[in-house]
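Colleague: Hi, could you walk me through this model? I'd like to start with the terms.

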Amino acid sequence: MISRPNKHCTVELQALPPRIGQVRRIVSAQLRYWNLDPLIDPAALCVTELLTNVHQHAEPDKRCTVEIDLVLDRLTVSVRDHDPRLPRLADAGTGSTHGRGLALIAAVSDSWGVQERHDGGKVVWFSLPVPDAAGARQARDDRTTVTLEPPVPALPPLEEPSFEQPAPARRAAAALHRSPVRSAVPG
């Protein structure tokens, strides 16, 4: 039995700094739409790292495609570009300002990887586990303030209607409360 349908979103772009911010917002909005709020921050962070790598390293152009796939209990985000060079996890020195992106993705995601493509490009992807409904609800409750209203005072009991009028009077009173719209029942 499938408890959650498959969902997919694709964004094509040129990985330039203003576009990277736009795609980050698109990913965040898509996950919010899918009610996956707990995954917004890690997914946006990781996709930003992947797009920054495309911007810094991909040749001959910066064109790429971001795909977001939700299948059952797994969210997978991939970035496909045309550069055949595969990224590698590097040991960045303490003074280095680059080289930590893939290590960050490895630390934040459930899994990640690289696939060569037959057209000479590559796909770099990461996946995140989808929290169960109770976990997602709990995460939303942690960020929401709930104020409980004082209890409503008990309402007085309803009086029982009396039907001491003769039957024709009851029918006349009921006719006054009918809707002016009549339904036609084919006979």
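Modeller: Buried means under 20% relative accessible area, exposed over 50%, and partly exposed in between (1.4 Å probe, protein chains only). This is a predicted model, where local features need pLDDT of at least 70, side-chain atom pairs count only at pLDDT 80 or more, and totals for chains, interfaces and linings use all residues. Residues are numbered from 1 along each chain as its sequence is written, and side-chain values use heavy atoms, leaving out hydrogens and water.

Colleague: Thanks! How many salt bridges does a search of the whole structure find?

Modeller: Six, where a salt bridge is a side-chain nitrogen of Lys or Arg within 4 Å of a carboxyl oxygen of Asp or Glu. One of them joins Asp-119 and Arg-117, with the closest N and O atoms 3.2 Å apart.

Colleague: Is Asp-119 buried or partly exposed?

Modeller: Asp-119 has a relative accessible area of 44%, so it is partly exposed. Arg-117 is partly exposed as well, at 28%.

Colleague: And what does Arg-85 pair with?

Modeller: Asp-83, at 2.7 Å between the closest N and O atoms. Asp-83 is buried because its relative accessible area is 3%, while Arg-85, at 48%, counts as partly exposed.

Colleague: Switching topic, which residues have the most contacts inside the largest nonpolar core?

Modeller: Among them are Leu-31, Trp-34 and Val-66, in a core of 32 residues. Such a core is a set of buried Ala, Val, Leu, Ile, Met, Phe, Trp, Tyr and Cys residues joined through side-chain atoms within 4.5 Å.
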